[in-house]
Amino acid sequence: MSHEKLTLDEMTRAGAHQKGHFRLSSGLHSGDYLQCALYLADPRRAERAGRLLAGGIRDLGVEPGLVVSPALGGLIIGHEVARALGLPFIFTERQGGEMTLRRGFAVAPGERIVVVEDVVTTGKSSREVIRVLEEAGGRVVAMASMVNRSGRDDPFEPLPFHALLAVDFPTWDPGECPLCAQGVPIEKPGSRPVS
Ligand code: ZN
């Protein structure tokens, strides 16, 4: 099945992908900076991304009854996906370092859940979300994200996964950064204004 996807060019035009020389929050250097929140800053773009991702989830054939995202990164895209699927939306959050369901939210026993993220990199925090939901009695049936930076097509195998855009940007330790070696000045990510 073919799906309309987001392109890196769209992210770039939205100011959500920048080329340059950046120090990432991890301390690594990169020539690319990607921030989904800058794409989602326009509610029309957020609505479209949610609709496209919902289409991909629908075609996984898993028939979820609930959409769950981890705060803060997943909130906007998860909410838009839930709107497009006509499903309720709840979220998890980190409290004192521990992933947990937001106070007041509950999961019905056996509830079929799709977890929606903005970006999947290592998948570590997504796995924490899955664990929280399963301990709450739910059943995670699929994973989805706007951007896949995991370098794998199926990072949550055997769970089905759909992403709108896969990217694989190189990162370097500061001592091995070719941009540093060329004397390219380093920028703080996101320091350019959003159009
Ligand atoms: Zn550098």
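Q: Let's start with solvent exposure: is Glu 63 buried or exposed?
A: Exposed is the word for a relative accessible area over 50%. This is a predicted model, and in it Glu 63 has a relative accessible area of 67%, so Glu 63 is exposed. You will find Glu 63 in the loop between helix H3 (43-58) and E3.

Q: Now the metal: which residues and atoms coordinate the zinc ion?
A: Two histidines and two cysteines do: His 21 through NE2, His 29 through ND1, Cys 177 through SG and Cys 180 through SG, at 2.0 to 2.4 Å.

Q: What geometry does the site of the zinc ion have?
A: The ideal to keep in mind is 109.5 degrees for four tetrahedral donors. To be called tetrahedral, a site with four donors needs all angles between 85 and 135 degrees. Here the angles among the four donor atoms are 94 to 120°, and the site is tetrahedral.

Q: How are the donor residues of the zinc ion spaced in sequence?
A: The pattern is H-x7-H-x147-C-x2-C.

Q: Are His 29 and Cys 177 buried or exposed?
A: The cut-off for buried is under 20% relative accessible area. His 29 has 5% relative accessibility and therefore counts as buried. Cys 177, at 3%, counts as buried too.

Q: Turning to sheets, in what order do the strands of the open sheet with E1, E2 and E9 run?
A: The general idea is that strands of a sheet pair through backbone hydrogen bonds, either parallel or antiparallel. This open sheet has three strands in the order E1-E2-E9, and the pairing is antiparallel. Its edge strands are E1 (17-23) and E9, each of which pairs on one side only. Between E1 and E2 there are five bridges, and Lys 19 has Asp 32 in E2 as its bridge partner.

Q: How do E6, E7 and E8 run relative to their partners?
A: E6 and E7 run parallel and are joined by eight bridges. To locate the pairing, look at Glu 117, which stands opposite Ser 145 in E7. E7 (residues 139-148) and E8 also run parallel, with five bridges between them. There, Met 143 stands opposite Phe 161 in E8.

Q: Why is E7 described as largely enclosed by the rest of the structure?
A: Burial is again the guide. Nine of the 10 residues of E7 are buried, so the rest of the structure largely encloses E7. Strand E8 (residues 161-166) is mostly covered, with five of its six residues buried.

Q: Finally, what is the volume of the largest pocket?
A: About 590 Å³. It is lined by 26 residues, and the closest to its centre are Ser 25, Asp 118, Val 119, Thr 121 and Arg 149. Two or more lining residues come from each of strand E2 (29-34), strand E6 (112-120) and helix H5 (124-135).

Q: Which element gives the largest share of the lining of the largest pocket, and what is the make-up of that lining by class?
A: E6 gives the largest share, four residues. By class, the lining has 10 nonpolar, 10 polar and six charged residues.

Note on methods
Residues are numbered from 1 along each chain as its sequence is written. This is a predicted model: local features need pLDDT of at least 70, side-chain atom pairs count only at pLDDT 80 or more; totals for chains, interfaces and linings use all residues. Side-chain values use heavy atoms; hydrogens and water are left out. On a 1 Å grid over the protein atoms alone, a cavity is a set of points where a 1.4 Å probe fits but cannot get out, and a pocket is an open set with protein on both sides within 12 Å along at least five of seven lines; lining residues have an atom within 4 Å of a point. Grid points are joined across faces, edges and corners, and a volume is the space filled by probe spheres set on the points. Ala, Val, Leu, Ile, Met, Phe, Trp, Tyr, Cys and Pro count as nonpolar, Asp, Glu, Lys and Arg as charged, and the others, Gly among them, as polar. Donors are N, O and S atoms within 2.8 Å of the metal (3.2 Å for Na, K and Ca); water is not among the atoms, so sites may look incomplete. Four donors count as tetrahedral if all angles lie between 85 and 135 degrees; four count as square planar and six as octahedral if opposite donors are over 155 degrees apart and all others between 65 and 115; anything else is irregular. Buried means under 20% relative accessible area, exposed over 50%, partly exposed in between (1.4 Å probe, protein chains only). Two strands pair if DSSP finds at least two bridges between them.
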